[in-house]
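Here's a quick tour of one protein model, written for someone new to reading structures. Have a look at the sequence and the 3D view first, then come back for the notes.

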Amino acid sequence: MLSYKKDFFSALAQTSPEPLLLEITGASGITLTDNNGKKYSDLISGIAVSNLGHGNKAITDAIKKQADKFTHLMVYGEYIQAPQALFAKKITALLPRSLNSVYFVNSGSEAVEGALKLAKRFTGRTQILSFKNAYHGSTHGALSVMGDETLKSPYRPLLPGITLSEINDETALKDINADTACVIIEPVQGEGGTRTASPAFLSALRKKCSTAGALLIFDEIQTGFGRTGRLFAFEHAGVTPDILLLGKALGGGMPLGAFIAGRKVMECLAANPPLGHITTFGGHPVSCAAALAALNELLKKKLTPKAKAKEKLFRRLLKHKSIVEIRGKGLMLAIQFENEQFCKKVIAVCLQNGIIVDWFLFCPSAMRLAPPLIINEKEIRQVCRKLIRAMDEVSQA
Ligand code: PMP
């Protein structure tokens with residue numbers, strides 16, 4: 001068995017004292033294979049990325065075809081590159097008409113950075129409202145609007161003028177005023193443990209932002225592209241943001257992010273002074289080609305509406321005395337346990353038994369289920385049996 005473990009530890013920067021250390025050599029559908037030939041069912045999709053599963057042929061063909069034509073040519077926004085133009089046209093056709101201008105970047109965090117800058121520039125204001133337990137990324141701007149002090153405080157000073165409120169608490173509305181540039185919210189908080197902002201709350205935010213002249217930003221980096229049972233989670237509430245943020249599943253497994261706004265708002269990055277936001281690799285042609293293929297596959301296989309029925313099956317099969325609650329929407333679920341230790345043990349047993357699950361940054365007592373949307377009924381039944389067995393094993397230990 002060939003292993004790169006030594007190089008991983010000696011040459012690569014580490015992010016935690018306890019990396020998972022799976023050494024994956026192949027991936028197909030919902031299955032990952034390690035360097036010992038052991039198979040794992042992937043129930044987290046590289047954290048809500050691989051919606052079409054691994055090794056989707058339409059996506060890999062699109063990547064190869066584009067790589068043969070050209071890869072990087074020029075910084076974003078200068079040359080006309082067919083994969084970018086075609087993909088932007090395709091997404092805007094699926095969005096409300098008010099969201100008709102796409103700015104491509106490389107990642108979720110960069111989409112957040114672009115959106116915060118855009119809101120400041122468009123409104124001429126600097127105050128920002130975000131929410132406790134929100135995760136928007138790890139760069140300075142994104143960190144500033146994060147709703148958790150532990151990860152933030154070592155990096156202060158961060159952006160000034162940030163107010164943190166509770167989701168679904170309408171007292172937040174009083175903090176939106178004539179100084180507010182924007183409100184940034186995840187319609188379903190990912191790292192907070194899949195906590196859903198209610199339609200009434202999102203609607204109240206929409207009204208208050210409109211009257212105060214503040215921009216409403218929805219971070220759909222984790223919820224986007226069918227995961228919650230709608231193509232975009234804002235469709236559940238019928239509330240349209242001024243800026244929509246996409247990432248993760250957007251690129252079909254390739255790095256791609258986007259902030260999307262109305263043309264009039266977006267125009268302010270292009271003048272007085274121009275080049276208000278610049279990226280070398282944003283909207284990389286190979287990523288955009290993969291993204292277009294992934295979106296076409298998602299629509300062709302009707303995976304978005306099917307996510308709802310798959311959620312129901314998971315909820316029906318996952319019955320165990322150790323489960324306090326199952327939260328979330330579609331295939332973005334949190335299995336809430338009594339405490340963090342129990343959760344960690346279940347995750348470890350699952351891993352031994354060939355099931356990849358995970359916890360949440362700001363909710364370590366809950367287990368994350370975010371499988372590829374292609375997971376089928378037979379696979380759901382198999383993995384649920386293994387999940388229940390792991391809970392039994394940890395309960396009896
Ligand atoms: N927003 C949300 C809701 C996320 O879940 C994440 C990533 N977990 C990000 C932003 C940041 O994305 P990236 O890691 O691609 O920078």
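This is a predicted model: local features need pLDDT of at least 70, side-chain atom pairs count only at pLDDT 80 or more; totals for chains, interfaces and linings use all residues.

Residues are numbered from 1 along each chain as its sequence is written, and side-chain values use heavy atoms, with hydrogens and water left out. Helices (H or I, at least four residues) and strands (E, at least two) are DSSP runs, numbered from the N terminus.

**The sheet**

- Seven strands make an open sheet with mixed pairing, in the order S4-S12-S11-S10-S7-S5-S6. Two strands count as paired if DSSP finds at least two bridges between them.
- At the edges sit strand S4 (101–105) and strand S6 (162–165), and each of them pairs on one side only.
- From one strand to the next, the twist averages 20°; the axes behind that are lines fitted to C-alpha atoms, and angles run from 0 to 180 degrees between N-to-C directions.
- Strand S7 (residues 180–185) is mostly covered, with six of its six residues buried. Buried means under 20% relative accessible area, exposed means over 50%, and partly exposed is in between (1.4 Å probe, protein chains only).
- S7 pairs in the parallel sense with strand S5 (residues 127–131) over three bridges, and Leu-129 stands opposite Val-183 in S7.
- S7 also pairs with S10 in the parallel sense, over four bridges. Here Ile-185 has Phe-218 in S10 as its bridge partner.
- Strand S10 (residues 215–219) runs parallel to strand S11 (residues 243–246), joined by three bridges. Phe-218 turns up again, standing opposite Leu-244 in S11.

**Helix H5**

- H5 (residues 108–123) has 16 residues and reaches 23 Å from its first C-alpha to its last, close to the 22 Å expected at 1.5 Å a residue. That expected span is 1.5 Å times one less than the number of residues.
- The buried residues of H5 include Val-112, Glu-113, Leu-116 and Leu-118.
- Just after H5, Gly-124 takes a positive phi of about 70°.

- Look for Glu-23 in the loop between helix H1 (5–11) and strand S1 (24–28).
- The side chains of Glu-23 and Ser-3 are joined by a polar contact of 2.9 Å. A polar contact is a pair of N or O atoms within 3.5 Å; within protein, one must be able to donate a hydrogen and the other to accept it, and residues adjacent in sequence count only if both atoms are side-chain atoms.

- Most residues other than glycine have a negative phi, and most peptide bonds are trans.
- The Arg-156 to Pro-157 peptide bond is cis, with omega near 5°.
- The Asn-272 to Pro-273 peptide bond is cis too, with omega near -5°.
- Asn-133 has a positive phi, near 70°, and is partly exposed at 27% relative accessible area.
- Lys-302 has a positive phi as well, near 50°, and counts as exposed at 53% relative accessibility.
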